[in-house]
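Some notes on one helix and the charged side chains around it follow. Please read them with the model open.

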Amino acid sequence: MIYRVVIRKTPYEPKPRSGRPRVTDIRSDRRILRMASSQKMSVSEITGASRLQISKNTVHRRIIESGYMIHTKMARRSPLSKIHISKRLQWACNHMSYGDKWMAVLFSDEKNGTSMYLTGI
């Protein structure tokens, strides 16, 4: 078998695989990638905006197959500006000599509906 492939004058090309044909063509794949990269659209928004009857999983697969788009979560809030950073640093410098007064401060962590209270350390 290998000998036949080596001495063959034409290049070896495997037979096309059988299976279900793709729902999208090259043009619709490019449209999906354009919507995903140029606009901040979610997969479900792209699915609704596309003219095809496709699922969210198909859109997600096409984006992953492109190879150059990376999945990252969008930032929930904007990063701190230079003014906010300097004000926080100034506040921390002013309160470094707070001493035993920190024992009266109540710290709370209220994330995801749970609360955890820490009294001074």
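1. R62 and E65 sit three residues apart in helix α4, about one turn of the helix. Helices here are DSSP runs (H or I, at least four residues; strands are E, at least two), numbered from the N terminus. An α-helix has 3.6 residues a turn, so residues three or four places apart point the same way. The two side chains form a salt bridge, with 3.6 Å between the closest N and O atoms. A salt bridge means a side-chain nitrogen of Lys or Arg within 4 Å of a carboxyl oxygen of Asp or Glu.

2. On the basis of the numbers: this is a predicted model, in which local features need pLDDT of at least 70 and side-chain atom pairs count only at pLDDT 80 or more, while totals for chains, interfaces and linings use all residues. Residues are numbered from 1 along each chain as its sequence is written, and side-chain values use heavy atoms, with hydrogens and water left out.

3. The classes are set by relative accessible area: buried is under 20%, exposed is over 50%, and partly exposed is in between (1.4 Å probe, protein chains only).

4. E65 also forms a salt bridge with R22, at 3.5 Å from N to O. R22 belongs to the loop between α1 (2-7) and α2, whereas E65 is in helix α4, so this pair ties together parts that are 43 residues apart in sequence.

5. R22 has a further partner in D29, where the closest N and O atoms are 2.9 Å apart. D29 is buried, at 14% relative accessibility, while R22 is partly exposed, with a relative accessible area of 47%. Through shared partners, the salt bridges join R22, D29, R62 and E65 into one network. The structure holds four salt bridges.

6. Which residues of helix α4 (residues 56-66) are buried? They are T58, V59, R62 and I63. These residues lie on the same side of α4, because they cover an arc of only 135 degrees around the axis (the arc of the directions from the helix axis to the C-beta atoms). Their cover includes α2 (26-38) and α3 (43-49), contact being heavy atoms within 4.5 Å.

7. The face of α4 turned away from the buried side carries the exposed residues N57 and I64. After α4 comes G67, which has a positive phi, near 85 degrees.
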